[in-house]
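Hi,

Here is the structure I promised to pass on.

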Amino acid sequence: MKNILELIKRLHVFLIFLVLQVFALILVFQNMFYHHASMVNSGSDIIGNIYSKRAKLAEYLRLGEIADELSLQNSLLRMQLSVNYIQADTNFRIVSDSLKKQRYRYLTAKVVNNSLNRETNYITLDKGYSSGVSNQMGVISGGSIVGYVTNVSEDFAVVMPVLHRSFRTSVLMKNSTDLGLLSWQTGDPEHANIDDIPKHVHVQIGDTVLTSGFSGYFPPLISVGYVTEVIDNADENKYHITIRLSTQFRKLNYVELVENILLPQQEALEQQAMEANGTDNP
């Protein structure tokens with residue numbers, strides 16, 4: 001206490017000046033309109049900047065929630081595409097309320113684990129059978145194929161991606177009806193392979209590759225990638241093609257699961273045909 005009194009005694013002139021200065025400024029701002037307005041405007045600018053920074057921080061913290069909302073909206077919009085419905089034959093009498101029957105249903109999920117550097121890579125999603133996920137559902141992201149579901153628990157699902165040595169699906173070249181087989185032999189997470197495209201199909205570097213819709217996992221005309229290399233062996237009648245994948249697996253975050261609602265019916269009918277013919281292939 002004694003030290004404080006000594007300090008005040010030594011600085012009493014400066015402290016009196018400071019008090020008088022503050023008092024003078026208060027009188028100026030209270031009685032002079034210009035100075036008062038300047039103070040109010042300056043205060044408003046400071047508060048506005050604080051609120052702006054706070055809003056930006058809140059928006060940043062909500063990025064995950066915003067991504068969820070956008071992904072859900074994408075799913076809802078994708079469900080309205082015509083490829084998800086079967087057009088009824090109008091030559092027959094329609095008993096149901098609509099001429100269209102839904103074939104594909106979409107569900108949004110978040111990637112919680114993802115491997116890239118193995119021969120048997122996998123992706124884990126945060127949705128399971130409690131959310132309506134089942135085996136054989138296709139998985140896409142940003143309109144490009146990712147893979148299909150192979151294992152499901154109550155709250156999680158495991159996906160076999162394109163980046164898996166056992167992955168296969170039917171594809172075609174844009175503007176062509178000839179089918180090829182997509183596989184992953186490159187060991188590179190950005191490239192894959194297509195075989196069985198016949199040589200009468202005109203294939204060039206940069207050509208687009210799409211899903212055919214025949215695999216049952218994916219709707220038709222979903223982006224797969226574009227051609228980066230075409231190998232034409234003289235003793236074969238088909239191309240060996242390397243493509244750059246449309247999906248950026250290194251940045252995979254949110255995906256859409258695609259359920260082919262009519263697939264069980266199709267597989268049951270094909271199984272009956274195999275059993276009736278006594279063969280392994282329908």
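Five salt bridges turn up in this predicted model; the term stands for a side-chain nitrogen of Lys or Arg within 4 Å of a carboxyl oxygen of Asp or Glu. In general, side chains of opposite charge can pair when their charged atoms come close.

Before the details, some housekeeping: residues are numbered from 1 along each chain as its sequence is written. Because the model is predicted, local features need pLDDT of at least 70 and side-chain atom pairs count only at pLDDT 80 or more, while totals for chains, interfaces and linings use all residues; side-chain values use heavy atoms, with hydrogens and water left out.

One of the bridges joins glutamate 119 and arginine 165, at 2.8 Å from N to O. They sit 46 residues apart, glutamate 119 in the loop between strand 3 and strand 4, arginine 165 in the loop between strand 7 and strand 8. (Helices, H or I of at least four residues, and strands, E of at least two, are DSSP runs numbered from the N terminus.) Glutamate 119 is exposed at 52% relative accessible area, and arginine 165 is partly exposed at 49%. Here buried means under 20%, exposed over 50%, and partly exposed in between, with a 1.4 Å probe and protein chains only.

Another bridge pairs glutamate 190 with arginine 244, with 3.0 Å between the closest N and O atoms. Glutamate 190 is in the loop between strand 9 and strand 10 and arginine 244 is in strand 13, so this bridge ties together parts 54 residues apart in sequence.

Lysine 238 also bridges to aspartate 196, with the closest N and O atoms 4.0 Å apart. That pair connects strand 13 to strand 10, across 42 residues.

Now for the inside. The largest nonpolar core has 46 residues, and Leu182, Ile243, Phe249 and Leu257 touch the most other members. Strand 3 (residues 104–114) gives the most to this core, with five residues. A nonpolar core is a set of buried Ala, Val, Leu, Ile, Met, Phe, Trp, Tyr and Cys residues joined through side-chain atoms within 4.5 Å.

Valine 111 belongs to strand 3 and is buried, with a relative accessible area of 10%. Beyond its neighbours within four places in sequence, valine 111 has contacts (heavy atoms within 4.5 Å) that include Ile123, Leu252 and Val255.

Happy browsing!
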